[in-house]
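Try each one on the structure before you read its solution.

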Amino acid sequence: MDHFVPQTILFYMVLCFRVHQGQESQEFLPTFLNVSKNLPLQRLLVEWDVSDLAHKLELEMVFDIQVSRSEEMNFVWTEYYNTTLSKLNKTLHWSWDSELPLECMSHSVRIRSMVNDERFYKVWSRWSHWETVLGLDTSDDSTPYIFPEEKVVEEGSNVTFCCIGGKDNKIEYFLFNSNDYYYPASNTSQRNLVITVSKVLTAKVPGIPAICSFSSKGNKKYGATLLFVGKLPDEPKDISCYTQDMSTLTCTWNPGASTYLYGTYSTKYHMFEGFSKRTFCSQEAAHDQEHLYCSWAIDQQMIYNLTLTAQNLLGKRSANFVLHVAHRVYPFPPFDLSVDQMKATEVTLYWSMKPKNKAIKLLCQIENQHPSGQVDLHNSSIVQSNSYPHITLGGLQPYTSYAFRMRCGATHHFWKWSKWSKTLQFRTNEAAPSGKLDFWRDVTPVLGGRNVTLFWKPSPDFRANGGGISFEITWENLEKASEPEHSSISALHNSTTISIDNHSYKISIATKNNINSSLPSVIIISSATDNGTEENIDHTDLEEERVNGTVNGIYISWNATNAFDGYIVDWCNFPRSQHCDFQWKRFGFNTSSCLINSAAFKPGVRYSFRVYGSLANEAFLLEKKVGYADELAPSRNPQVEITELTSYTVTLTWHSYPINESQPGFIRGYHVYVKTMEEECSLEGSTKHALSDGSVLCKYTLESPEEKRYTVKHLVPKTTYALAVTAYSGGGETPIDTYITVDTLQDYNTYLAVLLATIPLVLITALCFWKNKWVKSCCCAEIPNPNKSKVLSFNGLKVNSEAVLKPSGCIPDTLVLENAPEANTLQLWRQGTLLKDSESKIINPSWEYFVQNDGRDLTCTQSASEACTSFENISYSSQIAFSSSFCQNVWMSGTNEPQLWYQPQQYVEILSKETVTSLGEITEREDGLRYISQMEVPCSEVKLSDLPHSTEPMECSSYKIQTTLGSEPVISTSDDDVYSQASSASSNSAALLLPDWH
């Protein structure tokens, strides 16, 4: 030991000297580098060392470690490893997990170091030599490989596979999960193939296949492996620990979601106790196991600190909890249940518990289930060590089956009930029937008496309480002393029929079992008249009142009075069947309505109800009701007949159509439809009704179901109509199925009226044709021919190349303008003297007035010996009667028609005597004469008073009526031919009046 101290001192001196000399002395080159691989973990294990001096100085050092793959010679990993050297452990260790299987490729490692100490300069050492771990890619073996082999990875990971073809083998493809193909690139080696699959998913079956396909000299080879994709285990849930006998502690838990790892890779569970540092159990999770458990014996320890750990190759999860055994008592369920001391309404229940050697105070719960499904619970406190625990249960029904079961829990620190025991079923003893039957009847009159059908059913408080049930019926005459009659009915029946006479009867029924009979139920049947009708009961004259059905049933109401102690409503569930399933219901004295519902009620079926009032077991019929649970449309349409047909009406009848209970609803009325060929509704009193096909009908509504006759009016004669009748109810209307086509009759009265109006016209026409000359002479006066007039014997004068007649030989005494306002201002003159008012009186002032000439003298004078001729243009007037003793009138028909105007001088001139030639000359020039119409008014007009004329008296000549109706002149030459007809006429031409010279 003494010689070691000088050596140490010498070493430090040398070290310090070397440090002082330069940097070369600070390098600690890694030595003894060794690289190995752990293939199951795909991990590189690296070991190296440094000089002993570094260990002795306990230097803090940094190592730069590089990993490369030999074939590519690229650096795949670089890491700085920090450590403080120890004098005791000289060897240094480092590991690296490779994503690429180590078998696929050779890996090389090198290291350099640097002292991280203030006493030294921080300078990296030289690199060590590469240390290589060979892969199978360098092997001359011809066997193909695929790696990794049966690797376990977490879901969502990226997994790298490699295929090694070996000598003389080429890789064709890589197949993953049976549907993902990968092929080697053309510019890479076809001997090795590296593939990375991203984000792998779990599979329903354990292990996902991965296959490499190789080819060698025309032969195919395959390499295959399985990839196991799973999840980390869940933290254990629903951990529950309990004891049933204070001897064993059992813990259960829910393992959570599946990890998709099974068998060797499944999750392992460990239960560790923290106080005693013991592991109580280790077990694997079975496939799809919902709950796991672990049990161990309880010693003196009562409090446990437990940690449950779930672990697989991907990781682990833990849950910790603390419990007290006395607070986790979960007893065994009771067993061997039995009954004793059974009575009709009471029973004693016995059971057993285990273990019997543990004095645990328990609270037990007994469940009693009735036949109706009702459940009663009873509690009882017992000591588990008691050999014969029991409880007495009362309030039971006689002759009734019950089901008992029970469970128990700790009285102190109650935690949870035990499981239920097995069920014990038993029946209580018999007793006499309790309560009464609900008793009712239906009376049918027959010859000489009545048949009474009796019905009964259990009332709400009735109990048979035993077996051997029968119904004992007794009836006795209340008006005549006689022995009561008796009948016994089997329990299989609930009705029977008895025959009685017309006296009143008391009928009773009682239930009998093996023990005794119940109290009787009684009804009284009133006496009947000779025809079998019961007095005070059956009122056949009552009208049936309609009631309405609802969603929940048929609503019925009645008039409630204080005269009755209750009410009964009866009906038949199947009124159309021989077995009508007679039903009835009782109601209290203060009830006046009810809702009758039954599962047997069907839509479209009419139900009849009778309402009775009950008083002292005797019933009185009050009301009758009838209704439907749900009305439907009538089942068929009426059969229509045409009973009357006219030109304008058609009468329809359907008397045979039923409106009784055979209908699926109350018939509310009828619809009469009329369709015309034009399919338009224009009939008076109807409404339009459009069908689904777009056609339009005329619709009439009859709101009375009893009205089965209708007359359609306002039709058109000799026209085709289609008619139909449908019935409607509260449930709707039947669709139109058929039409009746009719043709209205021809209206001959119209023809007769036309004929009667035509006959007189025909007779008048025939009469006129027969007496045409007489009619012509009476109705149409003969017009004189102007061509034959003597006034044409004058000298002609040419005016504008036209022959014009100048009537200057005579100036008329009077010109008359009808209704002209100037008449009020005119004064009459005679031979230059103003006439007196009496002399100038105009006979017809409404249409006569005088026109004076330029010399303020009358245009014509009259003396007794002078004869003047009147002239008139009948184009203006129809008045042609004149007197020969005075001058007559030139006049116009009215102010609304054109007044008489003479044309300007260039068109008309008043002829003088000198212009008048002989009649012969006029005759010779007759063909050249032209008359100008006085109706034609050129642009310039002059009144008659403005025309020039002579003031000298001259012999008055006579003028005759001359008229031109056409374009040719008509001239009268003599008095005899004044009334001759012109050859042609025109409504726009006028006559020019010519003088008749004497």
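**Exercise 1. How many aromatic pairs does the count come to?**

Start with the rule: rings of Phe, Tyr and Trp (its six-membered ring) pair if their centres lie within 6.5 Å, and planes under 30 degrees apart count as stacked, over 60 as edge-to-face and the rest as tilted. By this rule the count comes to 37 aromatic pairs. Before going further, note that this is a predicted model, where local features need pLDDT of at least 70, side-chain atom pairs count only at pLDDT 80 or more, and totals for chains, interfaces and linings use all residues. Residues are numbered from 1 along each chain as its sequence is written, and side-chain values use heavy atoms, with hydrogens and water left out.

**Exercise 2. Describe the pair Trp 558 and Phe 587, then the pair Phe 564 and Phe 620.**

Step 1: know what to report. A pair of aromatic rings is described by the distance of the centres and the angle of the planes.

Step 2: take Trp 558 and Phe 587. Their centres are 5.8 Å apart with 50° between the planes, so the pair is tilted. Trp 558 sits in the loop between β38 (554-557) and β39 (566-572), while Phe 587 is in strand β40 (residues 582-588), so the pair links parts of the chain 29 residues apart. Strands here (E, at least two residues) are DSSP runs, numbered from the N terminus. Trp 558 is buried, with a relative accessible area of 5%; buried means under 20% relative accessible area, exposed over 50%, partly exposed in between (1.4 Å probe, protein chains only).

Step 3: move on to Phe 564 and Phe 620. This pair is tilted too, at 6.0 Å centre to centre and 50° between the planes. Phe 564 is in the loop between β38 and β39, and Phe 620 is in strand β43, 56 residues apart. Phe 564 is buried at 14% relative accessible area, and Phe 620 is buried at 18%.

Step 4: Ring pairs link Trp 558, Phe 564, Tyr 567, Phe 587 and Phe 620 into a cluster.

**Exercise 3. Which charged residues sit over the rings of Trp 124 and Tyr 739?**

Apply the cut-offs: a charge sits over a ring if NZ of Lys or CZ of Arg is within 6 Å of the ring centre and within 35 degrees of the ring normal. For Trp 124 it's Arg 112, whose charged end is 4.7 Å from the ring centre. For Tyr 739 it's Lys 675, lying over the face at 4.4 Å from the ring centre.

**Exercise 4. How many disulfides does a search of the whole structure find?**

Step 1: a disulfide is a covalent bond between the sulfur atoms of two cysteines. The search takes a pair of cysteine sulfur atoms within 2.5 Å, and finds 7 disulfides.

Step 2: look at Cys 104 and Cys 162, joined with an S to S distance of 1.3 Å. The torsion about their S-S bond is about -70°, so this disulfide is left-handed. Cys 104 lies in the loop between β5 (92-97) and β6 (107-115) and Cys 162 in strand β10 (residues 159-164), so the bond ties together parts that are 58 residues apart in sequence. Cys 104 is buried at 3% relative accessible area, and Cys 162 is buried at 1%.

Step 3: go to Cys 163 and Cys 212, which form a disulfide with their sulfur atoms 1.5 Å apart. Cys 163 is in strand β10 and Cys 212 in strand β14 (residues 208-216), 49 residues apart. Cys 163 is buried at 1%, and Cys 212 is buried at 0%.

Step 4: finish with Cys 572 and Cys 580, at 2.3 Å S to S. The torsion about their S-S bond is about -40°, so this one is left-handed. Both Cys 572 and Cys 580 are buried.

Terms used
Helix = DSSP H or I, 4+ residues; strand = E, 2+ residues; numbered from the N terminus.
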